[in-house]
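Let's walk through this structure together, starting with domains and then turning to a few backbone details. Have the viewer open as you read.

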Amino acid sequence: MDLHFGDSKPTDEERAAVDALLGPPESSWEGADRSDADLRWARGGREARDRRDLLLPGLHAVNDRIGWISEGALDYLCRRLTVPPAEAYGVATFYAMFSVKPRPATVLHVCTDLACAAAGAPELCAGIEARLGLGSGVSVERGPCLGLCERAPAALAIKAGDPVRTAVSAPATVEEAVLAASSPGSAPEEAPAALAVPQAGQDGLMLLHRVGAVDPSSLDDYRAHGGYTALRRAFELGPAGVIREVTDSGLVGRGGAAFPTGRKWQATASQPDRPHYLVCNADESEPGTFKDRVLMEGDPYALVEAMTIAGYATGAHQGYLYLRGEYPRALHLLEHAIAQARARGLLGDDVLGQGYAFDIEIRRGAGAYICGEETALFNSIEGYRGEPRSKPPFPVEKGLFGKPTVENNVETLVNVLPILTMGAPAYAAIGTGRSTGPKLFCVSGSVERPGVYEVPFGATLGDVLTLAGVREGLRAVLLGGAAGGFVRADELDIPLTFEGTREAGTTLGSGVVMAFDDSVPLPRLLLRIAEFFRDESCGQCVPCRVGTVRQEEALHRIVERTGADAAGDIALLREVGRAMRDASICGLGQTAWNAVESAIDRLGAYA
Amino acid sequence: MTVTPLGIPRRMLEFTLDGEEARVPEGSTILDACRAAGKDVPTLCEGDTLRPKNACRVCVVEVEGARTLVPACSRKAEPGMEVRTDTERARHSRKIVLELLASSVDLSTTPKVTGWLKEYEAKPDRFGPDAARLNEEPKVDNDLYVRDYDKCILCYKCVDACGDQWQNSFAISVAGRGFDARIAVEHDAPLTDSACVYCGNCIEVCPTGALSFKSEFDMRAAGTWDESAQTETTTVCAYCGVGCNLTLHVQDNEIVKVTSPHDNPVTHGNLCIKGRFGYQHVQNRD
Amino acid sequence: MRKRQPKTYTRLTHPLVRDSRDEPFRQATWEEALDRAALGLGRNRDAFGMFSCARATNEMNYVAQKFARVVMGTNNVDSCNRTCHAPSVAGLSAAFGSGGGTSSYEEIEHTDVIVMWGSNSRFAHPIFFQHVLKGIRNGARMYAVDPRRTSTAEWAESWMGLNVGTDIPMAHAIGREIIHAGLANEAFIQRATTGFEEYKALVEPWTLSLAEKVTGVPAAAIRELAHAYARAERAQLCWTLGITEHHNGTDNVRALINLSLLTGHVGRYGSGLQPLRGQNNVQGGGDMGAIPNRLPGFQDILDPDVRRKFESAWDTVIQPHYGLNLTEMFEAMEDGSLKAVYCIGENPAQSEADSEQAVRRLMALDFLVVQDIFLTKTAELADVVLPATAGWAETDGTTTNSERRVQRVRKAVTPPGEAREDIDIICDLAARLGHDWKYADAETVWNELRAVSPDHYGMTYERLEEHQGIQWPCPSTDAIEPTYLHGRLWETDPSRRGPLAPFGLVQHDPPVDLTDDRYPIRLTTGRRLDSYNTGVQSGGYASPLRRGEFIELSPEDAERYGVVVGEQVQVTSRRGSVTAPVWVDTALRPGLAFMTMHFPDEVDTNALTIEANCPIAGTAEFKASAIRIEKLPIATIVG
């Protein structure tokens, strides 16, 4: 491609960061010194253009090393990958974790989202900024949910360098957050994942039973706890047999859409187009959700095994694990787990000696809620802006790189292990007729023991809140996160099943159960939700791009109003909300009005 | 020997459009079918030379059984589908989309939009005087084009025309996110520091006048732009031997703008800098 | 960097005359100017040459060549197609009997391999390149052969930076490799070609390693191209002036055509040969007979039946021999056998190689009438200047593009002052010289042409409008022919197959202007995206890309000579010397420099180029001069 580059040159450090990812440049056309041979013969074309998907890893490499992405670094990366600089700039500016303007090497991300806001995030931020003062070398950035709601308020420090260092402070105090930011290497070790599982060690857990029981960095320990029996069973069953088991189990997707997993796998497996891809959606970004993080940190090999089974069943030889950029510990553990599995022949050319080739590549997100939408996630992996695609065509037909693709989230995949070890009938016997198996709930907010809870489908909202020890003065519960809906404190008998919540006019979503007492004014919560959607809208379609702004503006106007004073704006909100729901491209815009609507209709907000 | 391929013959399919049987070739969009049936569905981001982006959502229609409305411009007609183009639900979304756009973007040079605002009884003012607008100043950084992003509805057509669908120069992209997303060259630099080759193919597809020829921009500013006094004559470019068709827009015997027919087999509506702008020598008359 | 605003030309609005070349022009009436022109031409009937215009309409070219042949009784008619693509026409007609490119733009979108040889069409033919890009996006692999790594080459799977003027060794080595690898299309060779055995013997010495030595391109790269081209089910071979502007341009073209004959990549949908034309009506000018060896419809003057047809249609006698081509006409000016020239819309004083010599020869003419829209450098040398219209915007008619598509040109603006349409002017002159032609409009001219040219017969104005142009041949008013030519070569029935295509037995002949210690740098020339030819038209608009003329050097050479971007240097060839500022381009290798001819009023690049002409087509070797670079005694930086 005849790309245009400016005069900016990369620094040695920036060049080294890119070369560490891509290897040294092969010719002067890619950025090496000019040689006679280069001036006689140059390769390019298809092969050069086919490396676009390394753009996001390349941006990470620079951002991790330097802390921001300069013109020279971006140009060099583009030259190496044959990507137009304007497009790369569009991609770099899409993600909240990247900066194309100079900033300090250390960034402290402080969560100001629902659970953390309720736990004092505004005061925390103010305190941190006051303590750090000007010129501290730390950039404090308020941001959306970090997936640490069980330990609210939370902060994540990232210090660029070689290697990049990270530290989590949660629950954060001003002192601890400042320490994490100024010296992430020597900050105290983060609490183990098991602490997020109050049920840890209890009998009968199917998804969480290894969390806290196994060493997450040991493959042998994983196998000593029943690991890789499901994969062996899968090879006995054959791909069609696995799909039949999964279909018969009644497993449906846990990401929120509740699509039958077996049908999705079957549809992909039967596509004649090759190759097939498996994508694990670990971009857990719904405010209030942290179950996938806990699974990945507490039992990473389970996900590796489950992905291998899913790949085997659907005819994929390459799996991508798209991991939230804000999950450094999960990244570290999964990288280790994948390397170990590869070393032991559980990934690679000949998995378990069965002649099946499968490998997994981790791709990190970079701060974009929208990338949890499956097609936006494909675009993100491919090196484009994480904008959703229009459907049809559906991913099973044209997904990642335009090929048939199965995409499942972490919890869904991990359910496949007990399905294969216990058999579909036994699994299907758990839960209700329409919602089978166990379900994880992320309980946070006004409860004694926040964390991830595993219960069989069919438990009521009250059951789950009782497990977590709901506090006095419960005012409302947010189900399903920002895209979900509020229910009243007197609706605790709602069964937490897909059909039960639907009948009650609300949603299960991703399994968020966030309890609120009277201490937080509802209009402030709603405003925070509206801000979240405004910030996270990708901007592609008009209803969502402008609608989320108009929604936030209206909620601002009525934050202190009620009754007739608010009625006009509430009518406006309803009209805009209806159009967002009906006419937006993807789930983000379609659900951006859900929580607000439920607060008005169900909780009587602004009445 | 190989013979000239005529393409695989397209089968016809039948579906219901506003209660009436519609018969269209396989692969047609709902919009194709609407236009064939003489139905007027508003469109902004749709372009006859571009793949549908379905970003503006002003063409949404209701499809029986679908949870949400669907964009007519990109959704392919399927056998047995039941489509309604003028339901209250579809009209509501169109109205809101028009209001959202008109309240944030300068639509003063967008053709047809005044009629649609009226037809859908849209009242953009109801978001109040403080409703956020784009608030962009025109970027005049060269003598050929003006980029007035206050008029940009972010339809992506210019990006697609500059990118892999036609020009493959990739001078522009969408940068930023959400309401702050803007069309930009790398590092938000002026056009003159970018990969832009001034083919003007972005202007050719811009639906709102956000991108315009400097000649048109200046004449509009001076109040002398008068489309009713312009003639359009299609001829052949005199630079190089490719034979691009040019449509000369002439006002008072001056060429004021050059476009190309979108269905032309040579250009498909695209030109290069010389064809688009290299006409001035003809009218260096004194 | 400075913004160059090149010399802006203002439209001619009145006829200009003068009594002697020493005097300034004075404004005259049309009556007077035409009388003077008729007088000047009339007294030189036996020593006359017509420079027709590759940029004007087919109709104008038809009338201009008719003027030369009927009014002046000579076949000395030619146009600037001589300076660019005459070798393509000569080469293609020698192989296939017809001088047009064999395929259509659309076909390149549906081919498997595209070879761009000596063609920076990304800059020179941007909209054609969009069709190439569609092909690439559809999965085609593109290969680029060019001394410079141009924008076009940057899109290639593989770019081969050969030495300037070593195209034949490269082509022969590819041919040899195809034969040795067993990839030659024997069925096609047998059915449709002649001379294969001789060709095989001819290319046998051109091993990959010898080709590497001569061209500078690694053997592996040449081998890869050979295999890709031969193994492709469909392949397109495209070239531009990098092939034709050599002293052996026609040989170069033949060497490329050989590859298509060897592999059967011609005469099928998606497989063909595509020379890209530099001017809007280079193709049409030749088709209309504004060349010395063909009558309208590309019909051979030496064919008595053809002559008889035209003689009866035009009521005249046609000279039964070829006329002089542009190059030969300039030579004839030198020896005094050509004394009067009617030059329409051409600017040879600046566009010819060795421009100083061209000016000297034009000044020696007894009579020069120039018909143009500007007072060009050539017009400044004239006795009479006639103000004309801009063909593409101020007249009606047709032009023919590189894919042989005849398209309608329409009048959109009124010409300034007393400027008149070319055809009307020629007819008025013809009337003064005894031939009273009546053409109501361009369509009347076109219909006369249709009557004598079978290839154009089916193209009524009405049909041209309906189909947005029609490609020739179009013998019938009821049908449209296939988009490609020479499908006949694939016919099994020999009578339908027609004449076989001969392999061209051409030898390598290095550039005439050799590099040596005194002139160590190879200068090659080309176009930039926003400019055109001598810049008379493209100078008129404010291109943000324009930066004026530079001598472009490789970074290594700039360092070697201790010069920096913007620094004025002396550039000297064996013929002349200019000063030009330096530009550094990484697309160049050491020893290779690049200039354009877009800004002759600033830097007269053609003072450097060599007038070494292709003996068959007459095109000069613009692409290969030997130069040296010298720092100026006092450094001048333009900036």
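Domain bounds here come from an automatic or database domain assignment. For chain B, that assignment gives domain 1 (10-131) and domain 2 (145-283). This is a predicted model, in which local features need pLDDT of at least 70 and side-chain atom pairs count only at pLDDT 80 or more, while totals for chains, interfaces and linings use all residues. Residues are numbered from 1 along each chain as its sequence is written, and chains are lettered from A and ligands numbered from 1 in the order in which they are written.

Taken over C-alpha atoms, the centres of domain 1 and domain 2 of chain B are 26 Å apart. Counting two residues as in contact if their C-beta atoms, placed from the backbone, lie within 7 Å, 16 residues of domain 1 of chain B touch 18 residues of domain 2 of chain B. On the domain 1 side, these residues divide into eight nonpolar, four polar and four charged (Ala, Val, Leu, Ile, Met, Phe, Trp, Tyr, Cys and Pro count as nonpolar, Asp, Glu, Lys and Arg as charged, and the others, Gly among them, as polar).

Now for the backbone. Asp252(B) is not a glycine, yet has a positive phi of about 50°. Asp252(B) sits in the loop between β11 (245-251) and β12 (254-259) of chain B; strands (E, at least two residues) and helices (H or I, at least four) are DSSP runs, numbered from the N terminus. Why does Asp252(B) count as exposed? Because it has 10 C-beta neighbours inside 10 Å, and a residue is exposed with 12 or fewer other C-beta atoms within 10 Å of its own, buried with 20 or more, and partly exposed in between, with C-beta atoms placed from the backbone.
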